[in-house]
Amino acid sequence: MRLYHHPISFNARRAIMTAHHLKQQVDLVLVDLSSAEQRKHLLTINPNEKIPVLVDGDFTLWESCAIMQYLADKTPGQTVYPTELRARADVNRWMFWSAQHLAPAIGIFYWENFIKGLIGAGRPDPVELKRGMVDLESYAGVLDGHMARRQWVSGNNLTLADLAIAAPLMAAEPGGVSLNRYEHLQAWFGRVQELDAWQQTAAEDMLPA
């Protein structure tokens, strides 16, 4: 299997962390997003021209959460993606919540305060940052409250929900996002950062762990 990625992408980190945790053998293919030629190739495997993309033989899969679920289902004996109907639905719920709500909120800060500077796209837009703060306070508060009496997001053990939600938090520090007020969120995130899968991926990405 080949997994197309770039270290700047927290969506790619979701997929890579999952592969590492499951000990799935994947060849990591770095996509130079500044290269027109490589972006053209990316477009041939993902019409959205985004990463990550997983290629498994003649099967090509994009969307990070779908890749995570696929890798889990390919792994005999895995415990991060339960098969019981309601337990799996709960994991799915939190994965979709992260993709739809928390990640976009953090992504605003990441784009405005970090990515723009890397690519010369201008100064941060205060209107966008204000919008991001409203969303962040809402959704980070939801997660903080949920984690008040829990070790992991869904059930009693680590699941794909934890990996999916934690990955965008790699963008908090470079994006200038403070999570200090969210005590329970921070405690949970600390546990995720101690995982071998997080540490290995952070070392590969050479971005803040």
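Predicted model: local features only at pLDDT ≥ 70, side-chain atom pairs only at ≥ 80, totals over all residues.

Q: How far is Ala-161 from Phe-59 in space?
A: Their C-alpha atoms are 24 Å apart, and the two residues are separated by 102 positions in sequence.

Q: Switching to domains: what does the assignment give?
A: Domain 1 runs over 2–78 and domain 2 over 85–196, according to the domain assignment. Their contact involves 14 residues from domain 1 and 19 residues from domain 2.

Q: How much area is buried between domain 1 and domain 2?
A: About 1,400 Å², with carbon and sulfur atoms giving 74% of that. On the domain 1 side, Ile-8, Phe-10 and Arg-14 lose the most area to domain 2, together 42% of what that side buries.

Q: How many salt bridges are there between domain 1 and domain 2?
A: The count there is 1 salt bridge. For the whole structure, the search finds 7 salt bridges.

Q: Nice. What about Glu-49, which residue does it pair with in a salt bridge?
A: With Arg-39, at 3.0 Å from N to O. Glu-49 sits in the loop between helix H2 (36–45) and strand S3 (53–56) while Arg-39 is in helix H2, so this pair ties together parts 10 residues apart in sequence. Glu-49 is partly exposed at 27% relative accessible area, and Arg-39 is partly exposed too, at 28%.

Q: And Asp-90 with Arg-93, where are those two?
A: Both are in helix H4, and because they are 3 residues apart there, about one helical turn separates them. Asp-90 counts as buried, with 18% relative accessibility.

Q: Then Arg-181 and Glu-137, how many residues apart are they?
A: They are 44 residues apart, with Arg-181 in the loop between H6 and helix H7 (183–193) and Glu-137 in helix H5 (residues 126–146). This salt bridge is 3.6 Å, N to O. Arg-181 is exposed at 59% relative accessible area, whereas Glu-137 is partly exposed at 39%.

Q: Last one: which residues make the nonpolar surface patch of about 320 Å²?
A: That patch comes from Trp-111, Leu-118 and Ile-119. Trp-111 is in helix H4 (residues 85–119) and is partly exposed, with 37% relative accessible area.

Technical notes. Residues numbered from 1 in each chain as written. Heavy atoms only, no water. Patch = residues over 30% accessible without salt bridge, like charges linked within 9 Å, V, L, I, M, F, W, Y side chains within 5 Å. Areas by Shrake-Rupley, 256 points an atom, 1.4 Å probe, with all protein chains shown as cover. Salt bridge = Lys/Arg side-chain N within 4 Å of Asp/Glu carboxyl O. Helix = DSSP H or I, 4+ residues; strand = E, 2+ residues; numbered from the N terminus. Buried < 20%, exposed > 50% of the residue type's maximum accessible area, 1.4 Å probe, protein only. Domains from an automatic or database assignment. Contact = heavy atoms within 4.5 Å. Buried area = accessible area lost by both parts, 1.4 Å probe.
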